[in-house]
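Here is a friendly briefing to read alongside the model.

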Amino acid sequence: KIWIFHVFCAEEKLVENLASMSTRERIKAIQKMPETMKKKREIRNNVLREMTEKSGRRGTQLDCCTQCLRRTEVSFRRFRNSLSERFHQLWLWHKTLKIIGGEFGTSVLSYFIFLKWLLSFNIFSFLINFSFITVPQFIAAEPNNLSFTGLELLTGAGYFQQTALYYGFYTNATISKTENGASYNMQLAYIFTVGMYFVICLLILLISMAKSFCRNFINPQIYSGNASKLLCTWDFNITNEKAVKLKQKNLSTQIKESLSDVNKEVLNFSKQETLVHILIHLGVWAASLGTAVAACASVYFLSINNLKLFMEGHKNDLESQAAMLVLPIVASLLNVLIPFFYSWLGQLEKFQNPRNRTYVTIARNIILKISIIGILCYYWLDIVATSKSQCWETLIGQDIYRLILVDFIFCLLGSFFGEFLRRIIGTTVFVSLGMPEFDIARNVLDLIYAQTLTWIGILFSPLLPGIQMISFFIVFYVKKVSLMKNCQPPRQVWRAAQMTTFFMLLLFFPSLTGVLAVIAVTVWRLKPSEECGPFRGLSSMFAAVSEWIKILENYTGSKWVVWIYNNLITSELFFFILSTIFL
């Protein structure tokens with residue numbers, strides 16, 4: 001009885017102290033209490049009751065208007081918190097990502113977060129390109145006289161050649177609805193829209209990398225403390241049975257991943273075993289690099305032959321359309337089959353840590369894919385751009401369209417043959433194999449490869465991000481269903497919070513930096529086609545900006561723009577300092 005009396009007195013004193021605080025201090029004090037949500041609500045209600053009784057005893061009754069305002073304020077605060085929670089739950093794939101994280105851990109979850117992140121890039125790119133480039137062009141658009149056969153969906157040629165999908169469709173004239181009305185310079189709109197998009201992408205990527213690096217490398221203990229996960233992570237507001245089980249599974253997986261880093265065993269090898277391991281690693285790297293060189297050589301010679309067939313044009317329509325698909329099919333086959341070979345090589349190396357195996361496999365795949373893209377860029381900028389084609393920019397746009405489309409088809413087929421059939425074989429024919437694991441390295445590099453092609457293609461096909469947006473959306477659901485039905489959780493649980501930072505780094509270098517180099521060469525060095533596109537008749541695409549600056553020199557209010565152009569845009573020193581800071 002004495003103990004109960006002391007507890008009652010302590011609680012009564014706590015309520016009196018809280019009642020004397022300001023509203024903000026009281027809310028913070030209650031939030032910091034190590035109590036359940038039910039107990040916190042009870043304390044808050046007691047405090048409110050105490051404050052009401054005190055005000056009644058003092059005889060300071062609130063008037064009707066003040067009471068209504070206070071009730072409205074409380075109701076609005078509750079409504080705002082409830083609405084914020086609902087919007088958070090309705091955010092794209094919020095629940096799906098929670099389920100994947102609970103079932104398969106952060107390593108597999110990092111792939112889907114990265115895919116969602118890339119989707120946002122393409123949505124943003126499509127919206128600004130459509131708004132500032134495509135919509136104004138519709139005013140000056142000429143009718144399309146070509147017939148639609150359906151093959152254009154695969155080849156990107158034919159009917160699509162005279163649509164807003166490609167560079168050659170856009171005019172070089174200044175668009176105006178009326179003679180004396182406001183005008184719209186398509187040349188400046190085209191180059192500034194593409195340029196500003198890449199500047200924004202660069203800044204977003206750098207900021208995201210910095211945040212992720214700080215969270216996962218500099219201060220990882222703040223975000224992933226084992227004690228805090230075990231004792232302070234549970235949300236007492238959860239009452240739904242499915243939500244409770246999902247939360248339990250998610251916490252269990254996170255704790256297992258954290259403990260795997262602490263409890264990992266370090267094997268001590270003899271000198272002879274160490275030498276054997278080094279020789280195996282060297283042999284595997286030699287095989288992987290040799291395969292990448294052979295793949296690049298085959299893509300280069302095939303692309304040269306493909307251009308000859310296109311320029312000759314002796315074949316009938318059906319054969320020429322089929323010939324256009326040979327290069328993207330071969331490139332996609334190499335990008336699909338060789339990573340499986342790399343995964344098999346990784347098994348021979350017998351890495352002790354699954355994280356190291358994933359990083360090494362990603363490094364080999366990025367060398368392969370970026371090398372193939374590099375060879376294609378050399379082919380486009382050095383051979384196609386100097387060919388006798390009427391509109392070489394549209395020709396490059398069509399090549400990239402076919403590469404993205406065929407890569408998307410092979411991605412879907414890879415989920416079927418690489419995961420579905422593998423599950424059937426592992427559960428019925430060779431039971432010892434079991435169900436496959438989700439190949440993070442191969443799938444992530446497929447995303448980076450597709451996004452790199454999209455970034456290159458923006459200049460030659462402004463609506464290409466819209467196509468990639470649809471494909472990423474479909475890929476998410478296909479991969480999610482394939483993961484749930486065909487794959488098993490990783491046999492070795494390991495924490496992969498740092499992998500998202502690594503994916504962003506790969507997207508920045510060599511992907512985005514390489515794309516910026518290709519765009520810079522195209523804009524500053526290459527001569528545009530004489531008969532198509534917004535820059536026809538100019539010595540280079542950037543010449544449109546130079547001519548605009550000459551006009552601005554006559555206006556006093558635009559001197560600051562001229563100063564930026566003369567001292568920054570045309571300054572080698574500025575770009576050297578900029579590249580040094582970023583790289």
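In this briefing, buried means under 20% relative accessible area, exposed means over 50%, and partly exposed is in between, with a 1.4 Å probe and protein chains only. By that rule, Arg 402 and Asp 399 are both buried. The model is predicted, so local features need pLDDT of at least 70 and side-chain atom pairs count only at pLDDT 80 or more, while totals for chains, interfaces and linings use all residues. Residues are numbered from 1 along each chain as its sequence is written, and side-chain values use heavy atoms, leaving out hydrogens and water.

**Salt bridges**

- A salt bridge here is a side-chain nitrogen of Lys or Arg within 4 Å of a carboxyl oxygen of Asp or Glu, and the structure holds five of them.
- As background, side chains of opposite charge can pair when their charged atoms come close.
- Glu 349 and Arg 364 meet through their side chains in a salt bridge, at 2.8 Å from N to O. This pair links distant parts of the chain, with Glu 349 in helix α13 (residues 326-349) and Arg 364 in helix α14 (residues 354-384), 15 residues apart. Both Glu 349 and Arg 364 are buried.
- Helices (H or I, at least four residues) and strands (E, at least two) are DSSP runs, numbered from the N terminus.
- Arg 402 and Asp 399 form a salt bridge at 2.6 Å, N to O. Because they are three residues apart in helix α15, Arg 402 and Asp 399 are separated by about one helical turn.
- In the salt bridge between Arg 442 and Asp 439, the closest N and O atoms are 3.6 Å apart. Both Arg 442 and Asp 439 are buried.

**Helices α5 and α17**

- How do the axes of α5 and α17 cross? The axes of helix α5 (residues 94-140) and helix α17 (residues 464-486) come within 8 Å and cross at roughly 170°. That makes α5 roughly antiparallel to α17.
- The contact of α5 with α17 has 20 nonpolar, six polar and two charged residues.
- For those classes, Ala, Val, Leu, Ile, Met, Phe, Trp, Tyr, Cys and Pro count as nonpolar, Asp, Glu, Lys and Arg as charged, and the others, Gly among them, as polar.
- Axes are lines fitted to C-alpha atoms, for helices over the stretch in contact, and angles run from 0 to 180 degrees between N-to-C directions. Angles under 35 degrees count as roughly parallel, over 145 as roughly antiparallel, 65 to 115 as roughly perpendicular and the rest as oblique.
- Phe 130 lies in helix α5 and counts as partly exposed, at 32% relative accessibility. Its C-alpha atom is separated by 10.0 Å from that of Pro 465, and Phe 130 and Pro 465 are 335 residues apart along the chain.

**A nonpolar surface patch**

- Leu 151, Leu 154, Ile 409, Leu 413, Phe 416 and Phe 417 make a nonpolar surface patch of about 500 Å². Its largest share, four residues, comes from helix α15 (residues 392-429).
- Leu 151 sits in the loop between α5 and α6 (152-155), and at 34% relative accessibility Leu 151 counts as partly exposed.
- Patches are made of residues with over 30% relative accessible area and no salt bridge, joining like charges within 9 Å and nonpolar side chains (Val, Leu, Ile, Met, Phe, Trp, Tyr) within 5 Å. Accessible areas come from the Shrake-Rupley method with a 1.4 Å probe, and for residues only the protein chains shown count as cover.

- The peptide bond from Phe 509 to Pro 510 is cis, with omega near 15°, and Pro 510 is found in helix α18 (residues 499-524).
- Leu 512 is also found in helix α18 and is buried at 0% relative accessibility. Leu 512 and Leu 205 are 307 residues apart in sequence and 9.3 Å apart in space, C-alpha to C-alpha.
- Val 384, in helix α14, counts as buried at 0% relative accessibility. The C-alpha atoms of Val 384 and Ile 304, 80 residues apart along the chain, are separated by 9.2 Å.
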